[in-house]
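Here is a short tour of a model to read alongside its sequence. Please keep the viewer open as you go through the points below.

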Amino acid sequence: MQFGLIVILIVAFLSLGHAQEREGTNRSSHTLDLEIEMENRFFMEAPSFNGQNRYFPSVALRPTYTLEWEANDNSLNIEGFARVDVDEERTHFDFREFYYLKVSRNWELSIGLKKIFWGVTESNHLVDIINQTDAIESFDGEEKLGQPMLQFSINTKQGTFDFFYLPYHRKRTLPGEKGRFRFPVIINTNNVGYESAAKAWHQDVAMRYSNSFNSFDLGLSYFYGTGREPVIQFNSEAGIMAFYPIIHQVGLDLQITNNAFLWKLESIYRSSTLQKFIAFTAGLEYTISNINSSGIDIGLIGEYSFDERDALTLSALQNDVFLGSRIAFNDVQDTSILLGVICDLEKSSKIIGVEASRRIGSTIKLELEGRIFSSIAVNENFLSNFKNDSFIGLTILKYF
Amino acid sequence: MKKVLLTVVLSLMIYTVAQAQDRGLEIAKAAENADLGFKSSVSTLKMVLKNRNGQVSERALEVSTLELVEDGDKSLIIFNSPKDVKGTSTLTYTHKQGADDQWLYLPSIKRVKRISSNNKSGPFVGSEFAYEDLSSQEVEKYTYKFLKADNHLLVVEQYPVDPKSGYTKRVVSYNKDAEYRIEKIEFYDRKNALLKTLTYSGYNLYKGKYWRASRLNMVNHQSHKETLLYFLNYDFDVHLTDDHFTQNALKRS
């Protein structure tokens, strides 16, 4: 299915390119960039389950290609991604984006695979629902798979309206036997259940209204279709499997920007035949800028997450506080550090995270990432599986 | 008699102070008026950062500006290099009064973030330019005092209205023979010590009316670092509208 989509897109791309040649008179421009990443992840503790590794060296490629024509009102945007890893399941390939974009005064139309982000908070991304999470890529859920879509966006005096037609569902990626961040039983990525008889081809729709007025940035969204977050089910025949229900989700995201304070709120109401629940993340970010004229900014972040669900959801944030700090040195090398801790308010569980990056020269970047799972409570259904998965990662990125 | 003399001296002083303020404001307004009507422009920039040892680092960016009369200008800045920040862009709605509205686009996660425009005094991408040095220069953002006329140069002291500014004052030299274009700005830090000097050179006249410098040189006298900003080209025929300065436009930059 996925392969079929890719073929259709490549054919569409070639025919567009051909059309371009015939017109001839229009100016077109294109750019090609490539990013090569070498990642080394080392897990500090012996694995919880048989077959898991401790050291994961891997290589990833991110080529991007953009072709623009007719005064840049038309463009083709491609972002590829490929990783080779010790864990066979983490070795994967994807088109993060592969879409045609038409821009006309106050509206734009996108056709193809695209990434869309909604939301304002830092520790949790509740409202963001268009793309499936590439969960084996990163623990923070910020890596996404390309979503096939038709998107129409229009700017009016009353705000921006976005309409999405999403014809195909993509399954969440899950680790293989050697991989960390997994359950005792390996959930086969392809062995999934769908509520819809159309399975991955259920035709989903979504819309979003957003507006910025004075210090307010508001977003209201609605999604109907196959959920992006699987429900883990135990089945006597198939064992443990991921099940994707049909959901309705209403989302709200709001940010109030007041001097050095950013006040943030994200909230969702999701209903399906299996469950109905609300969840929200609320918090603030305060930045002390240019401390003693050093150029250094220190941001302080505090967020609280609540989720009405409890058992067997792929979320660790039910009643948790996130405290973090973002330090930007604003130097020539763009050095920055993000430190944070997520504390469960009912249990002892804590997750400590560090992300730091610095450019070297003009085409190399170093990234450091660390996660420490500390005092994970035994009654944490989801997190207890990862209690020995504290790791440190060093990544070198080279840009061409 | 003494009292009368004091009153006269004082009122003369107040009179000259008021006159200097008016003259300073007049010059700033004249400079603003001379630049009215450009509507919109796009320019390609190269920024060269030099540290005290002479080591050099470069940035490439593109700046689009939309002129607004009733409120401050809108601008869109897109980074093209270094490559790890390629596609990162900012959208700014300048306001004549109050805080500017600013959004940042992070291309790797396709996220638009509304950011605080509080950080006026901080360095822009590690350079010697502060954010406030590069934001739209609205007359309302300063109070003025005329200092002196030096041949064709009119020197005006400007005091930032915003208490978050990193400066106590700027000393600006306007060229009265060339539509009040700025030739030089000296920046004084919060302790009123000379911090930086910005020199404009390589001026070109566009559309027979708008002077634009092709080279801006900012020297920091305290850190001995230097930033050169080259405007490689200016396009005043782009006919940009509000639709080019939306969050959608920011995302597709």
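B:Phe79 is buried, because 21 other C-beta atoms lie within 10 Å (buried means 20 or more such atoms within 10 Å of the residue's own, with C-beta atoms placed from the backbone). This is a predicted model, where local features need pLDDT of at least 70, side-chain atom pairs count only at pLDDT 80 or more, and totals for chains, interfaces and linings use all residues. Residues are numbered from 1 along each chain as its sequence is written, while chains are lettered from A and ligands numbered from 1 in the order in which they are written.

**Around B:Phe79**
- B:Phe79 sits in strand S3 (residues 74-81) of chain B; strands are DSSP runs of E, at least two residues, and helices are runs of H or I, at least four, numbered from the N terminus.
- Not counting residues up to four places away in sequence, B:Phe79 touches B:Arg59, B:Leu61, B:Val85, B:Lys86, B:Thr88 and B:Ser89 (contact: C-beta atoms, placed from the backbone, within 7 Å).

**Nonpolar cores**
- The largest nonpolar core has 20 residues, and B:Leu61, B:Trp103 and B:Leu216 are among those touching the most other members (a core is a set of buried Ala, Val, Leu, Ile, Met, Phe, Trp, Tyr and Cys residues joined through C-beta atoms within 7 Å).
- S3(B) gives the most to this core, three residues.
- A second, separate core of 13 residues includes A:Val127 and A:Ile268.

**Where the chains meet**
- The contact takes 35 residues from chain A and 25 residues from chain B.
- On the chain B side, H3(B) provides the largest share, three residues.

Terms used: Two residues are in contact if their C-beta atoms, placed from the backbone, lie within 7 Å. A residue is buried if 20 or more other C-beta atoms lie within 10 Å of its own, exposed if 12 or fewer, and partly exposed in between; C-beta atoms are placed from the backbone.
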